[in-house]
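Student: Could you walk me through reading a few features of a structure like this one? I'd like the general idea each time, then the case at hand.

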Amino acid sequence: MSNSSVPLLSAHSITKSFGPRTARHQVLFDVSADVHAGECLAVIGGSGSGKSTLTRIMLGLESADSGSVEYESQSIVGGRKSPGFAALRRESGLVFQDPFSSLDPRWRVAKSVAEPLSLQRRDLNNTDIDERVAAALTMAGLEPADFLNRYPIDLSGGQAQRVVIARAIINEPKVILADEPMSAIDVAARIQILDTFAAIRPSTAIIMVSHDLGVVQHIADRILVLHDGRLEETGSTAEVLGNPQSDYTRQLIEAASL
């Protein structure tokens, strides 16, 4: 984790509602969060607490009704017109719950992993791309010779998720959003994926949305707890899990240990 006091990515007083004007449903209420270079921030809370909405806003995938988001001290609010938006899109990676929905069934693994390079790095030749793809797969715990020519249908769930992680890290991003990346993965594959996330740090910050406190305990430096769209508490992983300050957090921990 970086010792810098300036966050890599920060959100301030975020509010967000969905639905038509006559029946708006507010899902975030004045929530602030930040993540530093090389840090893993876990965002936890029950279903409908606003976890995914907050993190998607932080990565510029959705817009807030009010509040601000800054990447490397530059605003991303306003989309392409903002100074930080293009940099964040270029320097971030995404890993979601269902890896197979992220992979084109017609593409071999090599093409899927190389896709971000093809879109963003016109200066690379085919040899450079092949080397980068092989390195990303290796970092994700997959032997390139065994997986480059496979199609998604030839992969287990854990293997597919590691292919998605390889694609997410191919451009050496500074921040990755992992939204419930292991909820559909078996226990053995979870261990391998945890090892993969550990391997990409400390160079990459990770924002992980998860309901699995066992996973959170092993990977997160800090935890942010959301409850019905409001910030319940935040602190180091040891502080939040070892000495929770709110009844709601205690209930989450007790439910996880059942």
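Student: Let's start with S10: is it buried or exposed?

Tutor: This is a predicted model, so keep that in mind throughout. The cut-off for buried is under 20% relative accessible area. S10 comes in at 7%, so it counts as buried.

Student: Where is S10 found, and what does it touch?

Tutor: S10 is in strand β1, which covers residues 9-18. Leaving out residues up to four places away in sequence, S10 touches A33, D34, S68, V69 and E70. There's also a polar contact of 3.3 Å between the side chains of S10 and H12.

Student: Okay, now helices. How do I read the packing of α4 and α7?

Tutor: Two packed helices are described by the angle between their axes and the distance between the axes. Here α4 (residues 109-120) and α7 (residues 157-169) pack at about 30°, with 7 Å between their axes. The crossing of α4 past α7 is right-handed.

Student: Which residues of α4 and α7 meet?

Tutor: On the α4 side you have V109, S112, V113, E115 and P116, and on the α7 side V163, A166 and R167. By class, this contact has 5 nonpolar, 1 polar and 2 charged residues.

Student: How many residues of α7 are buried?

Tutor: 12 of 13, so α7 is mostly covered. Among them are V163, A166 and R167, the α7 residues that meet α4.

Student: What about I193: which residues does it touch?

Tutor: I193 lies in helix α8, residues 187-200. Setting aside residues up to four places away in sequence, I193 touches G158, Q161, R162, I165, M182 and I185. G158, Q161, R162 and I165 are among the buried residues of α7. I193 has a relative accessible area of 0%, so it is buried.

Student: Last one: why is α1 called largely enclosed?

Tutor: Count its buried residues. In α1 (residues 51-58), 6 of the 8 are buried, so the rest of the structure largely encloses this helix. They are K51, T53, L54, T55, I57 and M58. Just after α1, G60 takes a positive phi of about 75°.

Note on methods: Residues are numbered from 1 along each chain as its sequence is written. This is a predicted model: local features need pLDDT of at least 70, side-chain atom pairs count only at pLDDT 80 or more; totals for chains, interfaces and linings use all residues. Side-chain values use heavy atoms; hydrogens and water are left out. Axes are lines fitted to C-alpha atoms, for helices over the stretch in contact, and angles run from 0 to 180 degrees between N-to-C directions. Helices (H or I, at least four residues) and strands (E, at least two) are DSSP runs, numbered from the N terminus. A crossing is left-handed if the near helix is turned anticlockwise from the far one by less than a right angle, and right-handed if clockwise. Contact means heavy atoms within 4.5 Å. Ala, Val, Leu, Ile, Met, Phe, Trp, Tyr, Cys and Pro count as nonpolar, Asp, Glu, Lys and Arg as charged, and the others, Gly among them, as polar. Buried means under 20% relative accessible area, exposed over 50%, partly exposed in between (1.4 Å probe, protein chains only). A polar contact is a pair of N or O atoms within 3.5 Å; within protein, one must be able to donate a hydrogen and the other to accept it, and residues adjacent in sequence count only if both atoms are side-chain atoms.
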